[in-house]
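Here is a short briefing on a sheet and the helices around it. Have the structure open as you read.

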Amino acid sequence: MESPFKADILKGKVAFITGGGSGIGFEISTQFGRHGAAVAIMGRRRHVLDAAAAALRSEGIRAFGFEGDVRKKEDAARVLEEAVKHFGKIDILVNGAAGNFLASPEDLSPNAFRTVIDIDSVGTYTMCHEALKYLKKGEQGKGPATGGLILNISATLHYTAAWYQIHVSAAKAAVDSVTRSLALEWGTDYDIRVNGIAPGPIEDTPGMRKLAPEEMQNKYSEFGPLYKLGEKWDIAMAALYLASDAGKYVNGTTLIVDGGLWLSRPRHISKEEVKKLSRVVEKKSRKSSVGVVTTSKL
Ligand SMILES: NC(=O)c1ccc[n+]([C@@H]2O[C@H](COP(=O)([O-])OP(=O)(O)OC[C@H]3O[C@@H](n4cnc5c(N)ncnc54)[C@H](OP(=O)(O)O)[C@@H]3O)[C@@H](O)[C@H]2O)c1
């Protein structure tokens, strides 16, 4: 689908995207590139990064892949430094790297729980922490009064509770908290906007392939308010909005992009039943108010 945004809204910007080599992260890389940004992508698998960077470059996008693990502080520091050497600066950091799998709590070891927290929550914080010196106002490539932007990719699982995803729910709850705290502190001190995006189930992603087999994915249409899974494009458009000047007054928000799915629940009573019921209630209340008038007249 064509982007509704002008092609130059990120002209001159450099975006660093963890998990940018696949799925939602790759779509954000592509759309940021198509809207004028140079793109640094980070992940652990060299061949995935190379293929992704080549695909981006084939569209005329300035792109390069940097190999590293967000769980390691020294990797974070090294890849950010390499990206700055390569592109001259970093304006936008997108934290998309995450781990996920289904497991019931009784089968999930504390170590497995910790691994997901390490990638999603600690990894997000580590990247923010190491990127601060490039993102803050007055730094390389930024005016004395302007800073950069951080976008943390979250989820909606923890708004209620999600079966078999206690680890991811906890990890993303921490990510949202980091988003708000940094928005307060780094917004105030360094002119950095910090926002998040909470995608619903997005079709054609490694995440969905791992978590929900195709038959299960089709079932979403039965209870999703917009009657379909989201597209990677939907998340990339939200990222573009937040990264562009259109989002300049947005700070500390996690934008939910899920078609309203997290609000959905089974209809416990049909509309026809509601109509019938309300007619009965109305009749009863009319009768009792007549009663009140009669009594007061006495
Ligand atoms: N797909 C959905 O429906 C959905 C729904 C809600 C939220 N989300 C969120 O959206 C984001 C992308 O999801 P996706 O489904 O598109 O999955 P994905 O492509 O598998 O995203 C994970 C990416 O992160 C990288 N990564 C994982 N661990 C890493 C580490 N320790 N260090 C550096 N990079 C690491 C992976 O590359 P390597 O393995 O090569 O490192 C991969 O490129 C995630 O934050 C996810 O939680 C997705």
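Two strands count as paired if DSSP finds at least two bridges between them. With that in hand, phenylalanine 16 stands opposite leucine 93 in strand 4. The model is predicted.

**The sheet**
- Strand 1 (residues 14-18) pairs with strand 4 (residues 92-95) over 4 bridges, in the parallel sense.
- The sheet is open and has 7 strands, in the order 3-2-1-4-5-6-7. Its pairing is parallel.
- Strand 3 (63-67) and strand 7 (254-257) are the edge strands. Each pairs on one side only.
- From one strand to the next, the twist averages 20 degrees.

**A helix on the sheet**
- Helix 3 (residues 73-87) packs on the sheet. Helix 3 touches strand 1, strand 2 (38-43) and strand 3.
- The direction of helix 3 makes about 155 degrees with that of strand 2.

**Helix 1 against helix 8**
- Helix 1 (residues 23-34) packs with helix 8 (residues 232-243) at an angle of about 50 degrees. Their axes are 9 Å apart.
- That angle makes helix 1 oblique to helix 8.
- The crossing of the two helices is right-handed.
- From helix 1, the contact takes in Gly23, Ile24, Glu27, Ile28, Gln31 and Phe32. On the helix 8 side they meet Lys232, Trp233, Ile235, Ala236, Ala239, Leu240 and Ala243.
- By class, this contact of helix 1 with helix 8 has 9 nonpolar, 2 polar and 2 charged residues.

Key. Residues numbered from 1 in each chain as written. Predicted model: local features only at pLDDT ≥ 70, side-chain atom pairs only at ≥ 80, totals over all residues. Axes fitted to C-alpha atoms, helices over the stretch in contact; angles between N-to-C directions. Parallel < 35°, antiparallel > 145°, perpendicular 65-115°, else oblique. Left-handed = near helix turned anticlockwise from the far one by under 90°. Contact = placed C-beta atoms within 7 Å. Nonpolar A, V, L, I, M, F, W, Y, C, P; charged D, E, K, R; others polar.
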